[in-house]
Amino acid sequence: MKKRFVYIIAALFLSLSFIAGCNNEVEHVVEYYTSVDEHGKEVKTPKLVYYYKGGDSTNCREVQYFSDGAIKMEGHHVDGVRQGVWTAWYKDGKLWSRGSFKDGLSDGTRRVYHSNGQLYYQGEYEAGNRVGEWIFYDSLGKEIKRTQYYIASPKLYLWLLTKE
């Protein structure tokens with residue numbers, strides 16, 4: 001009975017270890033900041049790191065760091081290109097920008113902030129192109145400009161070329 005209990009516990013432990021191992025990300029440091037400490041020893045701090053799951057190098061989470069170790073930017077790659085929400089921060093940790101990507105191109109709402117936290121501008125992207133109304137603000141939050149962006153279709157472009 002004791003042996004059976006030990007086998008069950010061992011099997012449970014191994015199963016849980018395997019499951020936990022499958023969910024862990026593998027860290028791959030691509031670039032480092034290099035500095036020298038007070039003892040003259042070279043110190044490397046991660047600058048750009050990819051975190052992979054399951055050994056798939058085309059699907060990963062990218063994290064860029066400031067030289068002090070604070071996160072600078074973070075987002076995901078799917079099939080080797082930016083996909084989903086990407087976020088960037090100022091060195092002090094305040095939000096700098098947030099925007100979405102689809103198939104490696106900006107797509108969706110983009111918001112960028114002044115260093116004091118006030119919204120700097122916001123607008124929409126569609127397949128990498130600015131579209132619709134973009135609104136810009138000063139550092140106190142006062143609106144200073146509105147701009148309209150349009151995407152010309154190839155048919156419209158050809159029509160304009162042939163129009164007399």
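## The sheet

Ten strands, S1 to S10, form an open sheet in the order S1-S2-S3-S4-S5-S6-S7-S8-S9-S10, with antiparallel pairing. Strands here are DSSP runs of E with at least two residues, numbered from the N terminus. Two of them pair if DSSP finds at least two bridges between them. The edges are S1 (25-36) and S10 (143-149), each pairing on one side only. Neighbouring strands are turned by 10 degrees against each other on average, direction ignored; the axes are lines fitted to C-alpha atoms, and angles run from 0 to 180 degrees between N-to-C directions.

This is a predicted model: local features need pLDDT of at least 70, side-chain atom pairs count only at pLDDT 80 or more, and totals for chains, interfaces and linings use all residues. Residues are numbered from 1 along each chain as its sequence is written, and side-chain values use heavy atoms, leaving out hydrogens and water.

S3 (residues 60-65) and S4 (residues 71-78) run antiparallel and are joined by six bridges. Five residues separate them in a hairpin. In that turn, Gly 69 has a positive phi of about 95 degrees.

S4 also pairs with S5 (residues 81-89), antiparallel, over five bridges. This hairpin has two residues between the strands, and Asp 79 takes a positive phi near 55 degrees. His 76 of S4 stands opposite Arg 61. His 76 also stands opposite Gln 83 in S5.

S8 and S9 pair antiparallel over five bridges. Tyr 125 stands opposite Arg 130 in S9. The hairpin has two residues between its strands, and Ala 127 in the turn shows a positive phi of about 50 degrees.

S9 (residues 129-137) pairs with S10 over six bridges, again in the antiparallel sense. Tyr 137 has Glu 143 in S10 as its bridge partner. Gly 132 is bridged to Tyr 149 in S10. Five residues lie between the strands of this hairpin, where Gly 141 takes a positive phi near 95 degrees.

## Aromatic pairs

Rings of Phe, Tyr and Trp (its six-membered ring) pair if their centres lie within 6.5 Å; planes under 30 degrees apart count as stacked, over 60 as edge-to-face and the rest as tilted. By this rule there are seven aromatic pairs. In one of them, Trp 134 and Tyr 149 have ring centres 5.9 Å apart and planes at 75 degrees, so the pair is edge-to-face. Trp 134 lies in S9 and Tyr 149 in S10, so the pair ties together parts 15 residues apart in sequence.

Buried means under 20% relative accessible area, exposed over 50%, and partly exposed in between (1.4 Å probe, protein chains only). Trp 134 is buried at 0%. Tyr 149 is partly exposed at 25%. Ring pairs link Tyr 120, Tyr 121, Tyr 125, Trp 134, Phe 136 and Tyr 149 into a cluster.

## Arg 82 over two rings

A charge sits over a ring if NZ of Lys or CZ of Arg is within 6 Å of the ring centre and within 35 degrees of the ring normal. The charged end of Arg 82 sits over the ring of Trp 86, 4.0 Å from its centre. Arg 82 also lies over the face of Phe 101, at 5.2 Å from the ring centre.

## His 114

His 114 sits in the loop between S7 (105-113) and S8 (119-126). Its relative accessibility is 17%, so His 114 counts as buried. A polar atom of its side chain lies 3.4 Å from the backbone nitrogen of Ser 139.

Contact means heavy atoms within 4.5 Å. Leaving out residues up to four places away in sequence, His 114 touches Tyr 90, Leu 119, Tyr 120, Tyr 137, Asp 138 and Ser 139.

Notes. Helix = DSSP H or I, 4+ residues; strand = E, 2+ residues; numbered from the N terminus. Polar contact = N/O pair within 3.5 Å; in protein donor to acceptor, adjacent residues only side chain to side chain.
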